[in-house]
Amino acid sequence: MTPRNAIGAHVSVTGGLATGGLRHAADVGAEIIQVFVTNPRTWALNDGDPIEDAKLAASELPVFAHSPYLVNFGSPTAATLTNSVAVIRHTLRRGAEIGALGVVMHTGSAVSQPRDDALRQVREHLLPLLDEIPEGGPDLLLEPMAGQGQMLCATVQDLGPYLDALDHHPKVGVCLDTCHAFAAGHDLAAPGGVGATFDALHQVAPGRLKLIHANDSKDVCGSKKDRHENIGAGHIGAEPFAEIMRHPATAGVPLCIETPGKVDQDRENIALLKKLRD
């Protein structure tokens with residue numbers, strides 16, 4: 001029997017990682033959760049609360065951590081690179097402390113420098129961090145972006161050179177965001193689009209898909225715009241999400257919504273995905 005896709009959400013941790021996160025999960029029917037372990041919009045590092053960490057690690061819900069948005073190992077700015085190293089090292093450590101299965105990281109941009117130079121930076125500064133992950137620690141999950149600017153990964157094919165730069169390290173996985181993939185030109189709404197996208201992903205990164213960010217898109221395919229929409233209310237539509245969960249490459253891979261709105265909308269999106277799954 002094909003392993004089932006657990007379905008969950010990025011949750012609020014107001015009140016504490018476990019107290020707030022597990023309450024949100026229960027309110028919306030989440031089977032997995034994703035959390036921020038530090039402020040996602042600054043370089044500040046938060047050591048957290050050991051009691052909350054232990055409660056979350058002891059929960060039966062699979063947990064993923066998302067790193068801050070500022071991280072960019074392809075940046076030509078020295079301060080950004082230095083801060084990116086510190087933040088990912090910190091987030092991987094915090095991920096291990098809360099029992100996270102993976103830490104999601106945006107794959108970054110070359111900004112104003114040649115792509116090859118940016119990928120050399122990725123290799124030089126990210127490989128040592130991967131080697132530091134303890135046994136049983138979280139995987140680092142590469143999340144391609146929507147394709148705006150000089151993004152290092154947008155299409156699934158872009159993951160090839162990125163993985164090459166990291167020597168296909170065993171602790172590297174992939175988090176595929178459906179809105180980003182659609183914006184980058186993978187037409188998940190077209191007949192055969194889901195199959196083509198996930199076939200291509202399996203060719204480039206076999207066995208590395210560990211998480212799917214399940215988001216519809218406010219914009220059309222190829223827009224290069226990262227604007228999430230509720231499931232079934234955007235240009236992807238609901239049915240492709242059922243196709244995604246039937247594809248062999250996604251067997252047992254969790255889906256996590258990052259859709260607009262609050263608890264009520266999360267509950268509706270999760271219920272719809274469960275209906276499409278079951």
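Which side chains does a polar contact of 3.5 Å join? The two are H106 and H66. The model discussed here is predicted.

**The annotated site**

Both histidines carry an annotation: an unreviewed UniProt entry places the feature "binding site" at H66, H106 and E143. These residues span 78 residues in sequence, yet no two of their C-alpha atoms are more than 10.1 Å apart, so they gather at one spot. H66, H106 and E143 are also included in the lining of the largest pocket.

H106 belongs to strand β4, which covers residues 102-106. Leaving out residues up to four places away in sequence, H106 touches H66, S67, Y69, V71, E143 and M145.

E143 is part of strand β5, residues 139-143. Apart from neighbours within four places in sequence, E143 is in contact with H66, V104, M105, H106, T107, C175, D177, H180 and H213.

**Burial of selected residues**

Residues under 20% relative accessible area count as buried.

| Residue | Relative accessible area | Class |
|---|---|---|
| H106 | 14% | buried |
| E143 | 1% | buried |
| F36 | 18% | buried |
| Y69 | 35% | partly exposed |

**An aromatic pair**

How many aromatic pairs does a search of the whole structure find? The search finds 1. F36 and Y69 form this pair, with 5.6 Å from centre to centre and 80 degrees between the planes. The arrangement is edge-to-face, because planes over 60 degrees apart count as such. F36 lies in strand β2 (residues 33-36), while Y69 lies in the loop between β3 (63-66) and α3 (78-97), so the pair ties together parts that are 33 residues apart in sequence.

**Nonpolar cores**

The largest nonpolar core has 67 residues, and those with the most contacts inside it are F73, L126 and Y162. Helix α4 (residues 115-132) supplies the largest share of this core, 7 residues. Not counting residues up to four places away in sequence, F73 touches several residues, including L81, V85, I88, M105, A118, V122, L126 and L129.

Another core, of 7 residues, lies apart from the largest one. F64, V104, C175 and C256 are among its members. Of these, V104 and C175 are also in contact with E143.

Definitions and conventions:
Residues are numbered from 1 along each chain as its sequence is written. This is a predicted model: local features need pLDDT of at least 70, side-chain atom pairs count only at pLDDT 80 or more; totals for chains, interfaces and linings use all residues. Side-chain values use heavy atoms; hydrogens and water are left out. UniProt positions are given in the numbering used here, feature names are shortened, and annotations may be inferred rather than shown by experiment. On a 1 Å grid over the protein atoms alone, a cavity is a set of points where a 1.4 Å probe fits but cannot get out, and a pocket is an open set with protein on both sides within 12 Å along at least five of seven lines; lining residues have an atom within 4 Å of a point. Helices (H or I, at least four residues) and strands (E, at least two) are DSSP runs, numbered from the N terminus. Buried means under 20% relative accessible area, exposed over 50%, partly exposed in between (1.4 Å probe, protein chains only). Contact means heavy atoms within 4.5 Å. A polar contact is a pair of N or O atoms within 3.5 Å; within protein, one must be able to donate a hydrogen and the other to accept it, and residues adjacent in sequence count only if both atoms are side-chain atoms. Rings of Phe, Tyr and Trp (its six-membered ring) pair if their centres lie within 6.5 Å; planes under 30 degrees apart count as stacked, over 60 as edge-to-face and the rest as tilted. A nonpolar core is a set of buried Ala, Val, Leu, Ile, Met, Phe, Trp, Tyr and Cys residues joined through side-chain atoms within 4.5 Å.
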